[in-house]
Amino acid sequence: MENEREKRVASWVMYNQRGQMEPPSNRAFEIYSKLLFRIAGADGVLASSEREWIIGQRAALGASDELIEMLETYEPSDDDWKNLLELQRSFIESAKYPLIYDAFQAAAADSELHADERRAISELGHELGVDEATIEKIAQLCEEEREIKKRRIALLYPPIVNVIEEKQEQKASLSDSDEECSF
């Protein structure tokens, strides 16, 4: 974070979204972010909307400019899955529920939660000792929040709804090769 304003924004987001005041270390942010990339790319494609969700959320939570720059070109791979978990095991275990929640959000940022992404989230949860019933509750919470967001925008900002829908339709009409990075 570069300045006091950014620190204030990150602190506000951390408190209002996470119930905590301080962001984790940059190294913990990096590992957590790479795990999110791995989940979002579990279907074989990391959509630009998934990448942007992860980077935007990391920036809002106070990640450093260096980390944000690295994430702009980061490509996940299967080999680093277990290795990433071990690098910051105590932090990851302390953040396992938010990690699963964020994994659902990131993987669905392209408007689709692919079965392989869902499997990867379950695999991560099981690796961290989270039972499937809890993972399902987190999935349901994410879906409920998406619906509430749609209703909130429609009620509070009706003129914007048409613009948003038009942009989503335009995005959907772009070819997959233009929108996504394969690995």
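Predicted model: local features only at pLDDT ≥ 70, side-chain atom pairs only at ≥ 80, totals over all residues.

1. A nonpolar patch on the surface is formed by L155, L156 and Y157, whose accessible area together is about 350 Å². Patches here consist of residues with over 30% relative accessible area and no salt bridge, nonpolar side chains (Val, Leu, Ile, Met, Phe, Trp, Tyr) being joined within 5 Å and like charges within 9 Å. Accessible areas derive from the Shrake-Rupley method with a 1.4 Å probe, and for residues only the protein chains shown count as cover. L155 belongs to helix α9 (residues 132-156) and is exposed, at a relative accessible area of 68%. Buried denotes under 20% relative accessible area, exposed over 50%, and partly exposed the range in between (1.4 Å probe, protein chains only).

2. Residues are numbered from 1 along each chain as its sequence is written, and side-chain values use heavy atoms, with hydrogens and water left out.

3. E72 is found in the loop between α4 and α5 (81-87) and is partly exposed, with a relative accessible area of 46%.

4. S64 occupies the loop between α3 (48-60) and α4 (65-71). Is S64 buried or exposed? S64 is buried, its relative accessible area being 11%. Its side chain makes a polar contact with the side chain of N26 at 3.1 Å. A polar contact is a pair of N or O atoms within 3.5 Å; within protein, one must be able to donate a hydrogen and the other to accept it, and residues adjacent in sequence count only if both atoms are side-chain atoms.

5. The salt bridges number 10, the criterion being a side-chain nitrogen of Lys or Arg within 4 Å of a carboxyl oxygen of Asp or Glu. In one of them, R146 pairs with E143, with the closest N and O atoms 3.1 Å apart. Both residues lie in helix α9, 3 residues apart, or about one turn of the helix. R146 is partly exposed at 28% relative accessibility, and E143 is likewise partly exposed, at 37%. Elsewhere, salt bridges with shared partners join R27, E30 and K34 into one network.

6. E30 is buried at 18% relative accessibility, and K34 is buried at 15%. R27 is also placed in helix α2, but is partly exposed, with a relative accessible area of 35%. The C-alpha atoms of R27 and L87 are separated by 9.1 Å, although these residues are 60 apart along the chain.

7. What does R58 form with D102? The two form a salt bridge whose closest N and O atoms are 4.0 Å apart. Because R58 lies in helix α3 and D102 in helix α7 (residues 96-107), the pair ties together parts that are 44 residues apart in sequence. Both R58 and D102 are buried.

8. Helix α7 also contains F104, which is buried with a relative accessible area of 2%. F104 and E117 are 13 residues apart in sequence, and their C-alpha atoms are 8.3 Å apart in space. In the loop between α7 and α8 (115-127) lies S111. The phi of S111 is near 70°, a positive value in a residue other than glycine. S111 is exposed, with a relative accessible area of 71%.

9. As to overall architecture, the protein chain comprises 11 helices and 2 strands. Helices (H or I, at least four residues) and strands (E, at least two) are DSSP runs, numbered from the N terminus. From the N terminus on, their order is α-α-β-α-α-α-α-α-α-α-α-α-β. Of the 183 residues in the protein chain, 38% are buried.
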